Amino acid sequence: MGIKCNVTRAESLACQALKAAGVSPDNAQSVASALIAAEIDGIPSHGLSRVPYYADQAASGKVKGDVEPRLTERGVVMNVDAREGFAFPAIDKGMGPLVNRARESGLAALSVGNSHHFGVAGHHVEAIARQGLVALGFGNSPAAIAPWGGKDPLFGTNPIAFASPRECRDPLTVDLSVSKIARGKVMMAQNRGESIPDDWALDAEGQPTTDAAAAMAGSIRPIGDAKGSSLALMVELLTAGLSGSAFGYEASSLFTADGEPPRLGQCFLAIDPSFFGAGAAFSERVEAILSAMLAQEGVRLPGERRLAARAGAIDTLMLDDGVYAELVRRAGGV
């Protein structure tokens, strides 16, 4: 079951729900736009189902919905202090300077600290690639993955994203979590009373489980076993380490209104390919390897499913009944 909802109306409901919880109009719009983009791309785990959590945290003060992020620049490095507010306005604050400095110097970095959940990692790097730059993005999150060989979560699911511009086409976007599965999907299964595959997670004793509730109380498996655990550590240092934010094991939950602000970190690199050896031929090299991939039967490019979902969404979303009802309720029944 589901409810068809106009995209504009869905975004307006999200904005109203957030503003009702004390989020400033500009910040509410930034957050709502990001959640709508996730819905359009067929990623509901990072979409409007997050509004109640965000709104409750804004109302309790766990996330400061009315603060304005602070930007400082030093050489080719941009630092944004989210000031315990939402990640999306903070990233918005730094993106323009990041792109400009990368075009001037060939390479630039943006570090965001004291932040919150940054949604779909691929969307941020795709936005950079649409301006002709190669991009990398990283974000840490509250502890969900145990170090390999242990059972107590220390690292977040810590997304890594990459995007490259293409000639007259949407950017190539790679977006992956260092966990076997996004924790949001386990949470959605828990909310629906559904079981999960036995290779997704471990319970609190470090044993495989199909019980979503036991998985939420335990840890999510990393991709590639020990390799994924090492990648999670790398992301922790690039994000929380560089920005002075909370490591995964220090961060509070993104799904409860109580506790201290999560104070997460994000990091983005923007690269102008014209400064490197391939120069203007970079786009040809991109197409060469992608063509070689697609020459093999059964191969699809990373991100194709999202682009297909985006193309099919047009101006209407199919929302879960409960998600829609909660949006309307929190928006004051408008």
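Mentor: Buried means under 20% relative accessible area, exposed means over 50%, and partly exposed lies in between (1.4 Å probe, protein chains only). This is a predicted model, so local features need pLDDT of at least 70, side-chain atom pairs count only at pLDDT 80 or more, and totals for chains, interfaces and linings use all residues. Residues are numbered from 1 along each chain as its sequence is written, and side-chain values use heavy atoms, leaving out hydrogens and water.

Trainee: Thanks! How many residues of strand β10 are buried?

Mentor: Helices (H or I, at least four residues) and strands (E, at least two) are DSSP runs, numbered from the N terminus. Strand β10 covers residues 264–271 and is mostly covered. Out of its eight residues, the number buried is six.

Trainee: Which residue in β10 is the bridge partner of L107?

Mentor: Two strands pair if DSSP finds at least two bridges between them. Strand β4 (residues 107–115) runs antiparallel to β10, and seven bridges join them. In β10, L107 has as its bridge partner I271.

Trainee: How much space lies in the largest pocket?

Mentor: On a 1 Å grid over the protein atoms alone, a cavity is a set of points where a 1.4 Å probe fits but cannot get out, while a pocket is an open set with protein on both sides within 12 Å along at least five of seven lines; lining residues have an atom within 4 Å of a point. Points are joined across faces, edges and corners, and a volume is the space filled by probe spheres set on them. The lining has 44 residues, with H46, S177, A182, K185 and R306 nearest the centre. The space in this pocket is about 980 Å³.

Trainee: Which element supplies the largest share of the lining of the largest cavity?

Mentor: The space in this cavity is about 70 Å³. Its lining includes D41, E126, R306 and R310, and both β7 and α10 supply at least two residues. The largest share, three residues, comes from α10.

Trainee: How many disulfides does a search of the whole structure find?

Mentor: A disulfide is a pair of cysteine sulfur atoms within 2.5 Å. The closest cysteine sulfur to that of C5 is in C15, 13 Å away, which is too far for a bond. C5 is buried at 3% relative accessible area, whereas C168 is exposed at 81%. The number of disulfides found is zero.

Trainee: What value is phi of E84 near?

Mentor: Most residues other than glycine have a negative phi. In the loop between β3 (77–81) and α4 (87–105) lies R83, whose phi is positive, near 60°. E84 is found in the loop between β3 and α4 too, and is partly exposed at 25% relative accessible area. Phi of E84 is also positive, near 65°.
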